[in-house]
Amino acid sequence: MFGLFRKKEPSGFSYSSTAEDVTHGIDGTGLTAIVTGASAGIGAETARVLALRGVHVILGVRNTSTGEKVKETIIKEASSSKIDVMELDLGSKASIRKFASEFNSLGLPLNILINNAGIMGTPFTLSQDGIELQFATNHIGHFLLTNLLLENMKNAAHKSNIEGRIVNVSSDAHAWSYRGGIRFDKINDKSGYNSIIAYGQSKLANILHANELSRRLMEEEVAITANSVHPGVIVTNILRHQSFLNAIVANLGKFILKNVQQGAATTCYVALHPQVRGVSGKFFINSNEATPSSQARDVNLAKKLWDFSLSLVHDS
């Protein structure tokens with residue numbers, strides 16, 4: 001049974017590969033990356049491994065004190081690491097705009113954007129901007145952030161001749177969404193809300209966003225790729241709002257689930273590995289291309305979501 005987890009797939013990596021495994025020998029010196037939700041879990045591990053490979057990493061976090069502790073831990077391991085901590089709340093358009101403005105004012109070229117931050121299974125709540133919280137944080141926040149940073153990425157790719165990469169951390173749970181995929185007319189409908197299905201909806205949106213963004217970038221002939229990944233089912237605190245599931249994971253997870261080092265592998269692979277050069281609009285599991293649900297491959301649904309998302313991020 002456990003041999004299946006170690007069986008290497010076409011990329012040469014597997015379920016059990018770690019983020020360090022998939023980036024071994026890769027030199028990221030001179031690259032700059034933003035990792036959202038980098039204060040814990042796979043976000044922190046993604047940041048650690050990118051920094052280990054020489055990438056200048058910006059930790060986009062809600063709690064900067066926690067972010068500073070992550071920075072200190074990384075620097076203790078690799079003293080030459082370049083790490084900066086910046087405040088970012090993906091549930092607030094104002095916070096996102098402030099973060100993007102402050103980052104762009106630094107004059108740093110952005111080569112890699114990892115949209116990792118996420119929440120799961122929350123009770124029905126509206127964000128500061130009046131949008132259902134999981135959809136707001138997991139999708140809308142990253143949609144706005146990506147749009148605000150895209151010009152920087154385009155300039156960086158053009159001037160350096162180095163391909164830019166955008167990675168949306170989605171989930172296999174995207175297949176659990178509502179009938180029709182995205183409830184465009186009922187995004188804030190409390191009566192029909194299911195916390196797990198709403199999570200699936202937000203993760204479906206992550207894939208659709210990456211796919212439509214990829215299509216647009218290809219149309220513009222810009223050297224930036226956009227892909228989505230399923231990190232695997234991992235022992236982290238993302239299930240804190242689902243006490244029953246959290247208890248099961250806490251007790252059985254170490255035997256059947258990925259650890260954080262394995263969970264960050266696919267993100268790091270898609271962000272850095274030369275095998276992925278020029279690959280865009282794809283979905284990855286275990287550092288290999290995979291096929292998402294039929295809804296996730298629906299081009300018209302992706303275009304509709306793009307227009308809907310634009311309407312939600314425009315300030316009134």
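Arg216 is partly exposed, at a relative accessible area of 26% (partly exposed lies between buried, under 20% relative accessible area, and exposed, over 50%, using a 1.4 Å probe and protein chains only). The model is predicted, so that local features require pLDDT of at least 70 and side-chain atom pairs count only at pLDDT 80 or more, while totals for chains, interfaces and linings use all residues. Residues are numbered from 1 along each chain as its sequence is written, and side-chain values use heavy atoms, with hydrogens and water left out.

- Arg216 forms a salt bridge with Glu212, with 2.9 Å between the closest N and O atoms (a salt bridge is a side-chain nitrogen of Lys or Arg within 4 Å of a carboxyl oxygen of Asp or Glu).
- Glu212 is buried, at a relative accessible area of 2%.
- Glu212 and Arg216 lie four residues apart in helix H7 (residues 195–220), which means that about one helical turn separates them (helices are DSSP runs of H or I with at least four residues, strands are runs of E with at least two, and both are numbered from the N terminus).
- A salt bridge also links the side chains of Glu219 and Arg215 (3.1 Å, N to O).
- Glu219 and Arg215 are likewise four residues apart in helix H7 and therefore about one helical turn from each other.
- Glu219 is exposed at 59% relative accessibility, whereas Arg215 is partly exposed at 28%.

**Other salt bridges**

- Glu163 and Arg165 meet through their side chains in a salt bridge (3.0 Å, N to O), and Arg165 is buried at 7% relative accessibility.
- Across the whole structure, a search finds nine salt bridges.

- In strand E2 (residues 56–61), six of six residues are buried.
- One face of E2 carries His56, Ile58 and Gly60 and the other carries Val57, Leu59 and Val61, all of them buried.
- Strands E1 (residues 32–36) and E2 run parallel and are joined by five bridges (pairing requires at least two DSSP bridges between two strands); Thr32 stands opposite His56.
- E2 also pairs in the parallel sense with strand E3 (residues 83–87) over five bridges, and Gly60 stands opposite Met86 in E3.

**Crossovers**

- A right-handed β-α-β unit comprises E1, helix H3 (residues 41–52) and E2 (right-handed: with the strands pointing away from the viewer, the path from the first strand over the helix to the second runs clockwise).
- From E2, the chain crosses through helix H4 (residues 64–77) to E3 in a right-handed β-α-β crossover.
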